[in-house]
Amino acid sequence: MRDEIKEYEAVQQAAMKFVKSVAEGNSAHAKTLFTEDAVLFGMLDGVLEHGSIQQFYHNVDTVGAGSDFKARVDVLAVEETVAVVRVLEEKWGGRIDFTDFLLLLKLNGEWKCVAKAYNQNSNTIKK
C-alpha cells in the first residue's frame, strides 16, 4: 500500500544525510543513515565494489565532492516499512556522475538504509 506523503518527506530527509556526507566529504552524516550491516554494490572505474558500507565511508572521507558537485533525491516508492530512493550525483570528485539506489527500511520508527547499489555513468569511467 502506498504510504502518506509525510512518509515520502521523512524518507527524503533521511536520504539527504547521504547527500550531505558526499557533498561535504564527511561520512559522519551517512553513518546515521546506514545500518551497521548495510551493503554496497557497484562498479567504480570498471572495478566491482561490493560488501560492507565501510567502503562507501572510506570513499566519501578520502575523495572530496568537488566544487561542481550536484545531487538530486527522488523518492521512488514508500510501502509502509520499505522505501526506494534514487540519488543522482554529478561531478563527484570533480569527474564522476553516479546514479545511486538506496533501499531503506523503517526500523523502530526511523528510516535506515540497508543497501546501496550504484551505476557510474560510462562517460565518466577512468580507464
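**Exercise 1. Locate Gly 46 and state how exposed Gly 46 is.**

Solution. Gly 46 is found in the loop between strands E1 and E2 (47-52). Helices (H or I, at least four residues) and strands (E, at least two) are DSSP runs, numbered from the N terminus. The next step is accessibility: Gly 46 has a relative accessible area of 47% and is therefore partly exposed. The scale calls a residue buried under 20% relative accessible area, exposed over 50%, and partly exposed in between (1.4 Å probe, protein chains only). Lastly, the C-alpha atoms of Gly 46 and Asn 59 are separated by 15 Å, with the two residues 13 apart along the chain.

The model is predicted: local features need pLDDT of at least 70, side-chain atom pairs count only at pLDDT 80 or more, and totals for chains, interfaces and linings use all residues. Residues are numbered from 1 along each chain as its sequence is written, and side-chain values use heavy atoms, with hydrogens and water left out.

**Exercise 2. Describe helix H1: its span, its buried residues and what follows H1.**

Solution. Begin with the span. H1 has 20 residues and reaches 28 Å from its first C-alpha to its last, close to the 28 Å expected at 1.5 Å a residue. The expected span is 1.5 Å times one less than the number of residues in the helix. Next come the buried residues of H1, among them Tyr 8, Val 11, Phe 18 and Val 22. After the helix comes Gly 25, with a positive phi near 65 degrees.

**Exercise 3. Determine how strands E1, E4, E5 and E6 are paired.**

Solution. The criterion is that two strands pair if DSSP finds at least two bridges between them.

- E4 (82-92) and E5 run antiparallel and are joined by nine bridges. Val 87 has Asp 100 in E5 as its bridge partner. These strands form a hairpin with three residues between them, and Gly 93 in the turn has a positive phi of about 65 degrees.
- E5 (residues 96-107) and E6 are antiparallel too, with ten bridges. Leu 103 stands opposite Ala 115 in E6, and Asp 100 stands opposite Tyr 118 in E6. Two residues separate the strands of this hairpin, and Asn 108 in the turn has a positive phi of about 50 degrees.
- E1 (residues 34-44) and E6 (residues 110-120) run parallel, with five bridges. Phe 34 stands opposite Cys 113 in E6.

**Exercise 4. State how many salt bridges the structure holds, and examine the pairs Glu 4 with Lys 6, Glu 7 with Lys 106, and Lys 116 with Asp 100.**

Solution. A salt bridge is a side-chain nitrogen of Lys or Arg within 4 Å of a carboxyl oxygen of Asp or Glu. Side chains of opposite charge can pair when their charged atoms come close. The whole structure has six salt bridges.

1. Glu 4 and Lys 6 meet at 3.8 Å, N to O. Lys 6 is exposed, because its relative accessibility is 55%.
2. Glu 7 and Lys 106 meet at 3.1 Å, N to O. Since Glu 7 lies in helix H1 (residues 5-24) and Lys 106 in strand E5, the pair ties together parts that are 99 residues apart in sequence. Glu 7 is buried, at 12% relative accessibility, whereas Lys 106 is partly exposed, at 28%.
3. Lys 116 and Asp 100 have their closest N and O atoms 2.5 Å apart. This pair links distant parts of the chain, with Lys 116 in E6 and Asp 100 in E5, 16 residues apart. Lys 116 is buried at 5% relative accessibility, and Asp 100 is buried at 0%.

**Exercise 5. Find the cavities of 30 Å³ or more and describe the lining of the largest.**

Solution. On a 1 Å grid over the protein atoms alone, a cavity is a set of points where a 1.4 Å probe fits but cannot get out, and lining residues have an atom within 4 Å of a point. The count comes to one cavity of 30 Å³ or more. The largest cavity holds about 120 Å³ of space, a volume being the space filled by probe spheres set on the grid points, which are joined across faces, edges and corners.

Its lining has 13 residues, with Phe 56, Asn 59, Trp 92, Phe 98 and Lys 116 nearest the centre. E1, helix H3 (54-62), E4, E5 and E6 each supply at least two residues of this lining, and H3 gives the most, with three residues. By type, the lining residues divide into eight nonpolar, one polar and four charged. Here Ala, Val, Leu, Ile, Met, Phe, Trp, Tyr, Cys and Pro count as nonpolar, Asp, Glu, Lys and Arg as charged, and the others, Gly among them, as polar.

Terms used: On a 1 Å grid over the protein atoms alone, a cavity is a set of points where a 1.4 Å probe fits but cannot get out, and a pocket is an open set with protein on both sides within 12 Å along at least five of seven lines; lining residues have an atom within 4 Å of a point.
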